[in-house]
Amino acid sequence: EESDSLWRKDPLALIKNLESCIQLHEAYQEQYKATKETLHMLPKGKQFDFSETLIFGRFELFCRRVYKLIDMFQTIHQFS
């Protein structure tokens, strides 16, 4: 696959795929928080004591770049 193939794709299709990445990130965080709350209600069970920053930090940085890409492809679509 060529390195410039991304620029040949339909901007609206790319935006849809990029928005799916954002939705996946949100779903992961919601599930993490729901599981953490459920475990918190069961004090005898194992608890989540993981750093959310360590778990989601890189994913959040990725999502920031994805938001910028969405904005850029929306602009490309607007002026094409």
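Does His-25 count as buried or exposed, and at what relative accessibility? At 9% relative accessibility, His-25 counts as buried; here buried means under 20% relative accessible area, exposed means over 50%, and partly exposed is anything in between, with a 1.4 Å probe and protein chains only. Before going on, keep in mind that this is a predicted model, where local features need pLDDT of at least 70 and side-chain atom pairs count only at pLDDT 80 or more, while totals for chains, interfaces and linings use all residues. Residues are numbered from 1 along each chain as its sequence is written, and side-chain values use heavy atoms, with hydrogens and water left out.

His-25 sits in helix 1, so let's look at that helix. Helices here are DSSP runs of H or I with at least four residues, numbered from the N terminus.

Which side of helix 1 is tucked away? Its buried residues are Pro-11, Leu-14, Ile-15, Leu-18, Ile-22, His-25, Gln-29 and Tyr-32. They pack against helix 2, residues 52–78. An α-helix has 3.6 residues a turn, so residues three or four places apart point the same way.

Leu-18 is in helix 1 and is buried at 14% relative accessibility. Leaving aside neighbours within four places in sequence, Leu-18 is in contact with Val-66, Leu-69, Ile-70 and Phe-73. Leu-18 and Leu-69 are 51 residues apart in sequence, yet their C-alpha atoms are 7.9 Å apart in space.

Back at His-25, the residues touched are Phe-59, Glu-60 and Cys-63, again not counting residues up to four places away. Gln-29, also in helix 1, is buried at 18% relative accessibility.

Phe-59 brings us to the rings. The structure holds 4 aromatic pairs. One of them is Phe-59 with Phe-62, a tilted pair at 6.3 Å centre to centre with 45° between the planes. Rings of Phe, Tyr and Trp (its six-membered ring) pair if their centres lie within 6.5 Å; planes under 30 degrees apart count as stacked, over 60 as edge-to-face and the rest as tilted. Phe-59 and Phe-62 are 3 residues apart in helix 2, which means about one helical turn separates them. Phe-62 is partly exposed, at 33% relative accessibility. Ring pairs also bring in Tyr-28, linking Tyr-28, Phe-59 and Phe-62 into a cluster.

Finally, Met-72 lies in helix 2 and is partly exposed, with a relative accessible area of 31%.

Notes:
Helix = DSSP H or I, 4+ residues; strand = E, 2+ residues; numbered from the N terminus. Contact = heavy atoms within 4.5 Å.
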